[in-house]
Each structure stands twice: as structure tokens, then as C-alpha cells.
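Visitor: I have a model open here. Can you walk me through it?

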Amino acid sequence: MIFLLAIFLGLIISIGGIIIPGMLNMTIAKISIKESQKQALNFAFGAVVVVFIQSFLGTYFAKFLDANPVFSEGLKKIGTFIFIALTIAFTIMGFNAKKKKDIEVTIDKKRNRFFYGMAMSAFNMFAIPWYALTSLMMASKELFQYDIISILLFSLSAASGTYFVFYLYARFFKKIEHKLTFIVQNINFLIAILTGIVAISSLYKIFF
């Protein structure tokens, strides 16, 4: 049962973290439109290879933190200030996005799409902290265990969930392009609200 739960959580957490339009998603969509779906999916496959590594490292790092409460408490305090900074940053980005009418993504035409996907995915600095913090949260509710099989299954399902979202972008982006433009222009405000709620909640737990 715990292994099935690890697979389910990996899928849900990965889909939740990548479904929002971002650089990787929009690059896949643009490659699909300007080149082909095959090239877009080659890019996606390269990206999810890195996602597997990132989710494994993030979850394995969380295992260390879970076993050392002192580090875990320190991380929570650092995380609170990070969420405050993110709230400010996403609010500013939200106002900047309002000024843009189109989604702007530049793609390198000379690179192999598989390795291009790996390279761009490797620059996603939020991936490892995302999987570390979400797995810690699940472990605190006794929904996840840090044995090696659970970590591997979680990481494999995270890669699979990410690839599923990428496939949807490659396959159906053209049909929902105008709706996604609206989402991109407004999603930063939603993220700012969510990070603001987390920051306020964390501050409350620290001082009260």
C-alpha cells in the first residue's frame, strides 16, 4: 500500500508543480508548433530524465532532514523568508506580465532536442526544493516513507507525471493558446496569494 501511495503522490505532486505554464511547457509547445510533435516530445523526454534525478535528490535530501529535526526546524525558518520573497517577486512579475500581450519563448534551433530538454530542465532551480518540501510534508502526515524503494517509485512517477503534462502541451497547445495567454498574464498573482498564505501561516507558527 505504501508503494502505491508513493506512486500516486509522485504523480500528483509532479503534475501540480508543472501544469502551470512555464518556460519548459511553453518551449515544448513552441517546438511542437514550429517543428513537430516528435521533436517536442524528444525535448520532453530529455527534460523528464533530469526531473527523475531532481525528484530523487530532493526526496533523498528530505530523508536526511526528516532524520535531523534541528536542520528541519532551521529549514522551516529559512523557507518562511523565501516564501515572503517569492510573494513579492511574483506580485512584481504579475504586473510585468500584464503589460505583455503574447507569450514570449525563444528556442535554440541548432541543438539536439533531447539534450536541449535536459539542459533547460537542469536550470529549473525550484525542482529539488519542491520535491524535498512536498515529500517532507507528506512524511509528516505519515503518507510517505523514506525507504529506497518508495523514493525510487516516487521519482519514477514524478517523471511520468511531468511527461504526461508535457505531452498535453505538445499535443493540444494550439487549441488552447489564447486561454493560456490569459493564464500566463494572471497566474503570478495567484502564486503570490498562495505563497503569501504559506508565509503568513509559517510566521504564525514561529511566533505564536
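Predicted model: local features only at pLDDT ≥ 70, side-chain atom pairs only at ≥ 80, totals over all residues.

Visitor: How many helices and strands does the protein have?

Guide: Seven helices and zero strands. Along the sequence the pattern reads α-α-α-α-α-α-α.

Visitor: What share of the residues counts as buried?

Guide: 38% of the 208 residues.

Visitor: And the contacts? How much comes from residues 24 or more positions apart?

Guide: Such pairs make up 87% of the contacts with a separation of 6 or more.

Visitor: Let's do helix pairs. At what angle do α3 and α5 cross?

Guide: Roughly 40 degrees. Helix α3 covers residues 37-67 and helix α5 covers residues 113-122. Their axes come within 7 Å.

Visitor: Why is α3 called oblique to α5?

Guide: Because of that crossing angle of roughly 40 degrees. Angles under 35 degrees would count as roughly parallel, and roughly perpendicular starts at 65.

Visitor: Which hand is the crossing of α3 and α5?

Guide: Right-handed.

Visitor: Which residues meet there, α3 against α5?

Guide: From α3, the set is Q39, N42, F43, F45, G46, A47, V49, V50, V51 and Q54. From α5, they face R113, F114, Y116, G117, M118, M120, S121 and A122. By type, the residues of this contact split into eleven nonpolar, six polar and one charged.

Visitor: Q54 is on that list. Is Q54 buried or exposed?

Guide: Buried. Q54 sits in helix α3, and its relative accessibility is 6%. The cut-off for buried is under 20%, so Q54 qualifies.

Visitor: What does Q54 touch, leaving aside neighbours within four places in sequence?

Guide: S121, A122, N124, A127, I128 and Y131.

Visitor: How far is F115 from F45?

Guide: In space, 9.3 Å from C-alpha to C-alpha. In sequence, the two are 70 residues apart.

Visitor: New pair. How do α1 and α6 pack?

Guide: At an angle of about 135 degrees, with the axes 11 Å apart. Helix α1 is residues 2-18 and helix α6 is residues 127-140. That angle makes α1 oblique to α6. Roughly antiparallel would need over 145 degrees.

Visitor: Which hand for α1 and α6?

Guide: The crossing is right-handed.

Visitor: Which residues make the α1 and α6 contact?

Guide: L9, I13, S14, G16 and G17 come from α1. W130, Y131, T134 and M138 come from α6. The tally is five nonpolar, four polar and no charged. Y131 is a residue that Q54 touches too.

Visitor: Last one, S155. Where does S155 lie?

Guide: In helix α7, which covers residues 148-207.

Visitor: Why does S155 count as buried?

Guide: Because its relative accessible area is 0%, and buried means under 20%.

Visitor: What does the S155 side chain reach?

Guide: The backbone oxygen of I151, at 2.8 Å.

Visitor: And its contacts, beyond neighbours within four places in sequence?

Guide: S155 is in contact with F52, S55 and F56.

Terms used:
Residues numbered from 1 in each chain as written. Heavy atoms only, no water. Helix = DSSP H or I, 4+ residues; strand = E, 2+ residues; numbered from the N terminus. Buried < 20%, exposed > 50% of the residue type's maximum accessible area, 1.4 Å probe, protein only. Polar contact = N/O pair within 3.5 Å; in protein donor to acceptor, adjacent residues only side chain to side chain. Contact = heavy atoms within 4.5 Å. Axes fitted to C-alpha atoms, helices over the stretch in contact; angles between N-to-C directions. Parallel < 35°, antiparallel > 145°, perpendicular 65-115°, else oblique. Left-handed = near helix turned anticlockwise from the far one by under 90°. Nonpolar A, V, L, I, M, F, W, Y, C, P; charged D, E, K, R; others polar.
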